[in-house]
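Hello,

Here is the structure you asked to look at, handed over with a short account of what was found in it. Please open the structure first, then read on.

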Amino acid sequence: MRIRHLLTTLLAVIGFLLASQKASATHASGGELIYVHISDSTYQFFLKFYRDCTGATEPTSWTLCAYNTCQNSSFTANMPKWQGTLPPDNRANGSPVSAGCSQYTNKCDNPSSAVPGYREWWYMCIVTLPLQCNYWRFGVSLCCRNSSTNLVGQDNFYIETTFNSSQTWENSSPFYSVKPIPYVCLNQPYSYNNGALDSDGDSLWSALLNPLNTQSCTSTASNVPVQTLNPPINFNTNPFQTNNSFNLNGFNGQMAFTATQQGSGVIAMKTREFRKINNVVHELGSIMRDIQVQVLPCSSIPPTLDTVSINDSGAFLNNRVYGCIGQTLEFCFTVSSTDTGAILLAEDNLITAIPGAAITYTNLRTDVVTGCFKWTPTPNDVGNHSFIILIKDSTCKPPGIMLQYARTVDLTIWGPVQASPDTSICIGEP
């Protein structure tokens, strides 16, 4: 009996230690996995990982799992920390993701701060794929997620990327150009965009999905359980508590919502890419991003992007700008805040989204900012385009966060007018 009692006590202590180790490891707040084509079937993979500064230290390396359905086979690759600097401003790897207000600290600087803090870590490896296959899946996993208001427990953090290499080796995955940890004001309308772009010019479509969890390299990922709340959690209109106000435009990735519960809500976004090859549209793969939305009580008033004012070079209809090739397209827009003390800044991603276009901003650091767009499309630009305007309110009212609002502007460029012979029809014919 004594031995049995000692064994029972020992098992209980071991279980407590293991549970404590799992609890102390909760630090995964967001991330994504992308790849860049180097040559032939060789690719450079990057993992962007966002670590909660109050949790465990970041991993020294990750294990990338590569799996294909053509041979039902898999292999792994080690992903050490990236030795380069972080774009676009050449910060050191592991730098904090700033809340934007230098006069306020976050938890990376001061553990007693009310503002959550995160560090951005990049990991990298180079992989050569052994065969072409219509379904490659690449994934990384880590224990454990941060606790959240919409998910049950603290399951493994898992993200994946897919690739259909059966049509071509020459493909780089899409990528997200906006940081994945937005700070949001409680009970205030908010708009956000991950800034999905594709360097190959492929068409993109984004949708939300339930955050995922997996236990092995080859097993199919499962959905993380969600909290029982009212209204119920769903990854369409209420992924975290928004009173079903959440809306996502799949074409441009624009999200809009009003958060109604303080705390962190976790969502996952999947962006698929499509390309026409030999007059057939193929899905070449997808990427996904885990996002932690921090909802805080604050008094800032969100700015708004007013209606676009366009000149005779184009048209504006149903929130989309239309223009023609060979004609300079010009239009202006105004960003304003009802808070006369607002200090608004504006940025854009034109350099990657629409090279050759330009925006001139006036009245920066006031409560009303004007931006004027100018671009002369070429025959290669026929089709749909979009770019993101990132609006920042640096008023920095308590609790001390620079609120950012990402808004998308959609454009369609028409091709040349084609004349055809006159045609006679009878009355009543279409």
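The structure holds 22 aromatic pairs. Please keep in mind that this is a predicted model.

Where in the chain do Tyr190 and Phe257 sit? Tyr190 belongs to strand β10 (residues 189-193) and Phe257 to strand β16 (residues 254-258).

A second example is the pair of Phe240 and Phe246. Why is this pair of Phe240 and Phe246 edge-to-face? Planes over 60 degrees apart count as edge-to-face. The planes of Phe240 and Phe246 are at 75°, so the pair falls in that class, with the ring centres 6.3 Å apart. Phe240 is buried, and Phe246 is buried too.

Some aromatic residues also come together in a group. Tyr35, Tyr43, Phe45, Phe75, Trp136, Phe138 and Phe163 make up one aromatic cluster. A ring can also have a charge over its face: Lys81 lies over Trp121, at 4.0 Å from the ring centre.

Next, the pockets. Rolling a probe the size of a water molecule over the atoms shows where empty space is left.

The largest pocket contains about 1,200 Å³ of space. Its lining has 42 residues, and those nearest the centre are Pro87, Pro88, Ser177, Val178 and Lys179. By class, the lining of the largest pocket has 25 nonpolar, seven polar and 10 charged residues.

The second largest pocket has a volume of about 680 Å³. It is lined by 29 residues, and Gly201, Asp202, Asn384, His385 and Ser386 lie nearest its centre. Which classes of residue does the lining of the second largest pocket have? There are 11 nonpolar, 15 polar and three charged residues.

Which element gives the largest share of the lining of the second largest pocket? That is β27, with six residues. At least two residues of this lining come from each of β11 (196-197), β12 (203-209), α2 (350-353) and β27 (383-393).

When you go through the model, you could begin with the aromatic pairs and then turn to the pockets.

Regards

Definitions and conventions: Residues numbered from 1 in each chain as written. Predicted model: local features only at pLDDT ≥ 70, side-chain atom pairs only at ≥ 80, totals over all residues. Heavy atoms only, no water. 1 Å grid on protein atoms, 1.4 Å probe; cavity = no way out; pocket = protein on both sides within 12 Å on 5 of 7 lines; lining within 4 Å. Points joined across faces, edges and corners; volume = space filled by probe spheres on them. Nonpolar A, V, L, I, M, F, W, Y, C, P; charged D, E, K, R; others polar. Helix = DSSP H or I, 4+ residues; strand = E, 2+ residues; numbered from the N terminus. Phe/Tyr/Trp six-rings, centres within 6.5 Å; stacked < 30°, edge-to-face > 60°. Buried < 20%, exposed > 50% of the residue type's maximum accessible area, 1.4 Å probe, protein only. Lys NZ or Arg CZ within 6 Å of the ring centre and 35° of its normal.
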